[in-house]
Every structure is written in C-alpha cells, then in structure tokens.
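Dear colleague,

Please find the structure below. A short account of the findings follows it.

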Amino acid sequence: MNIKKASFVISNTNYKHCPIEDKAEYAFIGRSNVGKSSLINSIANNKSLAKISGKPGKTQLINHFIINNNWYLVDLPGYGYAKASKVLRAKFHKMISDYLINRQNLICLFVLIDSRHELQEIDKDFMQWLAENKIAFSIIFTKSDKLSKTKLEKNLADFKKKMLDEWESLPEIFVTSSNKKQGLQEILKYISKLNLEYKPSLES
Ligand code: GTP
Ligand code: MG
C-alpha cells in the first residue's frame with residue numbers, strides 16, 4: 001500500500017469524542033518511550049505527524065491521524081511512565097482502557113515492545129488484560145537497529161518462548177526500526193489485508 005496522504009485529525013481525552021466509527025482504525029500502545037509515535041511517523045512517511053521525544057511521557061492524549069482518507073492510525077499514551085503521579089496514571093489508565101474497550105472500529109491494537117528487553121511483567125499483564133477483554137492485538141518489536149542481528153534473534157526467540165509458556169499460540173509479530181525504516185511494509189501489508197475485511201457497523 002502507498003501512503004498518499006496522512007494528516008492529523010483530533011486529540012481527545014475521552015473516546016466518546018473521537019471521530020465517527022466508520023473507518024478501520026489501528027492503534028499503537030506500549031511502554032512510554034518504546035517508539036509508538038516514531039513508528040506512526042515512519043509508517044505514514046511523515047516526520048512531523050506525531051510528536052516524538054527522547055523523554056518518556058510525551059504522548060498524553062488519544063491522537064487520530066487519517067491515512068489516504070480511508071483509515072485511522074491512533075497514537076496513544078504509553079503505560080508504565082514511572083514519573084507520572086498516581087492520579088495521572090489512574091487517569092491515563094481509564095482513558096486508555098475506556099477507548100480500547102469501547103471503540104467499535106478498532107480492528108487491531110499494535111502492542112509495541114522494545115527489542116532490547118526481555119518480556120516484562122507490565123507488558124505481560126497488559127496483554128493478559130487485552131485477552132480477557134477480547135481486544136485483538138499484534139506485537140511490534142521496535143528499535144531493532146539498536147541490536148546486532150544475533151542478539152535480536154536471540155531476544156525474539158526468548159520472548160516467543162516465554163509467551164508460549166502462558167499462551168496457546170502467538171499473535172502476529174513484526175520487527176521494526178523507525179530509524180532504519182525496517183518492517184514498515186510488512187505492517188502496511190497487514191493493515192491493507194485487514195482493511196479489505198473491514199465492514200463498518202454503525203448501529204452503536
Ligand atoms: P511516549 O509518547 O512518551 O509514550 O513515547 P513513544 O513510545 O511515543 O516514543 P517516541 O516515538 O517518542 O520515541 C522515544 C525515543 O525513542 C525517541 O528519542 C526516538 O527518537 C527513539 N526511537 C524511536 N524509534 C526508534 C528506532 O526505531 N530506533 C532508534 N534507535 N530510536 C528510536
Ligand atoms: Mg508518543
């Protein structure tokens with residue numbers, strides 16, 4: 001798929017104010033600083049679409065971007081931002097969980113994992129929660145440019161093994177680098193396929 005057009009639509013704290021649910025939507029989540037906003041920009045081929053920062057906690061809202069006037073990419077705040085106050089964390093948690101549970105046109109949630117790290121409790125718990133709430137997700141490993149090929153392969157194999165200790169099967173997994181523009185076509189191909197299968201239901 002070619003990205004002909006990518007533009008910002010709206011930012012929200014409440015899913016109820018997000019755009020009408022008539023187009024397929026793909027959201028990006030994961031720990032703070034994992035590279036969600038960077039990946040959205042790389043996929044959309046637009047460096048200034050989503051706001052990026054070296055410091056965790058940059059994205060604080062539900063941000064909608066429309067691609068080719070046809071489907072949405074959604075940038076979400078990260079979880080596990082250590083410096084956020086308890087109250088702020090609870091607010092983020094509610095904002096994100098309400099969005100994930102209620103958004104009818106959310107076709108797939110991409111859970112981003114830093115390729116350098118082994119499977120962390122916080123990611124495991126989050127994916128468990130997704131399964132319990134029947135929220136479809138895929139996994140994207142980020143920042144693969146920060147590792148040697150051998151180390152990357154080892155981390156991936158360890159991650160999959162640990163996942164399979166608790167899960168019957170693995171979700172779709174992508175390996176990416178926003179800096180090196182790797183793995184982006186695979187994600188776009190996957191989105192294209194899901195877009196074809198998408199039939200909007202506007203009853204709600
Ligand atoms: P929050 O919005 O704070 O939750 O963070 P985020 O997950 O959106 O991360 P963001 O895209 O802002 O990137 C965080 C940092 O990681 C920035 O300094 C990016 O330049 C860097 N980064 C993101 N993707 C990559 C990548 O593929 N390779 C490398 N080397 N750095 C990356
Ligand atoms: Mg961000």
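A residue is called buried under 20% relative accessible area, exposed over 50% and partly exposed in between, with a 1.4 Å probe and protein chains only. This is a predicted model, in which local features need pLDDT of at least 70 and side-chain atom pairs count only at pLDDT 80 or more, while totals for chains, interfaces and linings use all residues. Residues are numbered from 1 along each chain as its sequence is written, chains are lettered from A and ligands numbered from 1 in the order in which they are written, and side-chain values use heavy atoms, without hydrogens and water.

The magnesium ion (ligand 2) has Ser37 (OG) and Thr59 (OG1) as its protein donors, 2.0 to 2.2 Å away; donors are N, O and S atoms within 2.8 Å of the metal (3.2 Å for Na, K and Ca), and sites may look incomplete because water is not among the atoms. Serine 37 belongs to helix H1 (residues 36–44) and threonine 59 to the loop between H1 and E3, so the pair ties together parts 22 residues apart in sequence. Both serine 37 and threonine 59 are buried.

Helices (H or I, at least four residues) and strands (E, at least two) are DSSP runs, numbered from the N terminus. In helix H3, the buried residues are Asp123, Lys124, Phe126, Met127 and Leu130. They cover an arc of only 165° around the axis, which puts them on the same side of H3; the arc is that of the directions from the helix axis to the C-beta atoms. Glu121 and Glu132, on the other side of H3, are exposed. After H3 comes lysine 134, with a positive phi near 55°.

With kind regards
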